[in-house]
Amino acid sequence: MSTLRTPDLTVDNIVIGAGVVGLAIGEKLTRCKPDETTFVIEKNKRVGEETSSRNSEVIHAGLYYPEDSLKTKLCIEGNRKLYRLLSENNLPHKRIGKWIVAKNEEQNLYLQSLYAKATRLGIETYFINKEQAKQQEPEINAHSVLVSPSTGIIDSHAFMDYLEQRVDIALCTQVQSIQPYHHHDKGNGYLLEISSPSETENTTVLAKRVFNSAGLHADKVSNMLIPNAYKLHYARGHYYAYNQPLKINHLIYPCPEKNLAGLGTHLTLDLAGSIKFGPDVQYIDSPYDYSIPTQDENKNAFIHAIHDYLPSLNGEKLHPDYSGIRYI
């Protein structure tokens with residue numbers, strides 16, 4: 001395709017991917033640049049069908065990642081801004097708080113270092129001892145607990161619905177190619193070739209700016225401009241549901257694994273009060289493989305990990321629920 005090919009459509013902004021990140025970018029551009037044209041394009045039939053709807057639905061405080069990293073900075077800032085947006089727009093959420101549970105003195109020393117780090121970052125945390133923990137959460141076995149009161153839960157689908165209503169979205173639309181575009185009249189930008197099942201021929205769109213929020217497929221999009229520059233690797237996490245009544249009031253997280261491959265098999269609640277456990281970490285090759293292992297050893301590994309902090313768990317009431325994939 002020649003860079004001088006006449007585009008079928010000219011716009012200011014194209015956002016690739018309608019997960020929560022792409023929707024948020026599209027909403028911000030639409031709101032802050034009302035005189036520009038902004039479209040979000042999504043290859044699936046609905047928004048947020050991948051990572052954005054296959055996760056723990058937790059609003060994190062920003063405790064775990066390297067202190068000077070952009071991820072930590074954005075998590076802390078995003079936590080505060082997200083709560084404000086959710087409250088102002090009456091979107092479902094709850095500041096339920098998270099317990100990070102130590103099972104021995106070695107893990108308690110880790111919690112002490114995490115507390116010091118949180119203090120330096122301006123994140124509120126505090127300790128409760130074994131007796132206090134037993135009073136508040138009788139089912140939980142803990143040597144000590146670091147509490148993160150600003151951690152919460154969100155209805156991710158309601159949040160994405162809110163964003164979707166505020167942007168122009170083209171669903172079932174896939175990018176086939178991207179090329180730099182230079183023209184003396186039309187200016188510089190990017191020429192995208194996009195396809196849709198409803199169209200017999202591909203459409204070419206000239207955009208001044210392109211935002212790559214394609215999630216698990218972001219490397220493929222970037223490689224359209226810089227061939228073979230990026231390669232994502234994938235980790236799948238599995239979640240188990242628990243169908244026996246259990247009175248738990250907080251999110252419960254074990255101490256993280258030392259290499260931070262994951263945050264441990266944690267207990268999370270949704271806004272209806274249902275309990276789920278997970279995720280674990282399994283490295284996979286395909287970003288489309290959402291299968292859930294049915295082998296007993298996978299379930300037994302979950303039960304063993306959960307029994308560290310919830311010894312009353314009835315393994316027979318634990319069953320596979322869903323999986324999610326993240327890139328690493």
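Contact means heavy atoms within 4.5 Å. The model is predicted.

Q: Leaving aside neighbours within four places in sequence, with which residues is Ile-140 in contact?
A: Ile-140 sits in the loop between helix H4 (130–136) and E7. Neighbours within four places in sequence are left aside. The contacts of Ile-140 are then Val-101, Lys-134, Ile-248, Ile-252, Tyr-309 and Leu-310.

Q: Is Ile-140 buried or exposed?
A: Buried means under 20% relative accessible area. Ile-140 has a relative accessible area of 1%, so this residue is buried.

Q: Which element gives the most to the largest nonpolar core?
A: The largest nonpolar core has 41 residues. Leu-267, Phe-277, Tyr-309, Leu-310 and Leu-318 have the most contacts inside it. Elements that give two or more residues include helix H3 (105–121), strand E13 (234–242) and helix H7 (296–307). The top contributor, with four residues, is E5.

Q: How many residues are in the second, separate core?
A: In soluble globular proteins, nonpolar side chains tend to be buried together. Here a second core stands separate, and Val-40, Ile-59, Leu-82 and Tyr-83 are among its members. Its residue count is 17.

Q: How far away is the cysteine sulfur nearest to that of Cys-255?
A: A disulfide needs cysteine sulfur atoms within 2.5 Å. Cys-255 is in no disulfide. The nearest cysteine sulfur belongs to Cys-75, at a distance of 18 Å.

Q: How many disulfides does a search of the whole structure find?
A: Cys-255 is buried, with a relative accessible area of 11%. Cys-32 is partly exposed, at 45%. Across the whole structure, the number of disulfides found is zero.

Key:
Residues are numbered from 1 along each chain as its sequence is written. This is a predicted model: local features need pLDDT of at least 70, side-chain atom pairs count only at pLDDT 80 or more; totals for chains, interfaces and linings use all residues. Side-chain values use heavy atoms; hydrogens and water are left out. A nonpolar core is a set of buried Ala, Val, Leu, Ile, Met, Phe, Trp, Tyr and Cys residues joined through side-chain atoms within 4.5 Å. Buried means under 20% relative accessible area, exposed over 50%, partly exposed in between (1.4 Å probe, protein chains only).
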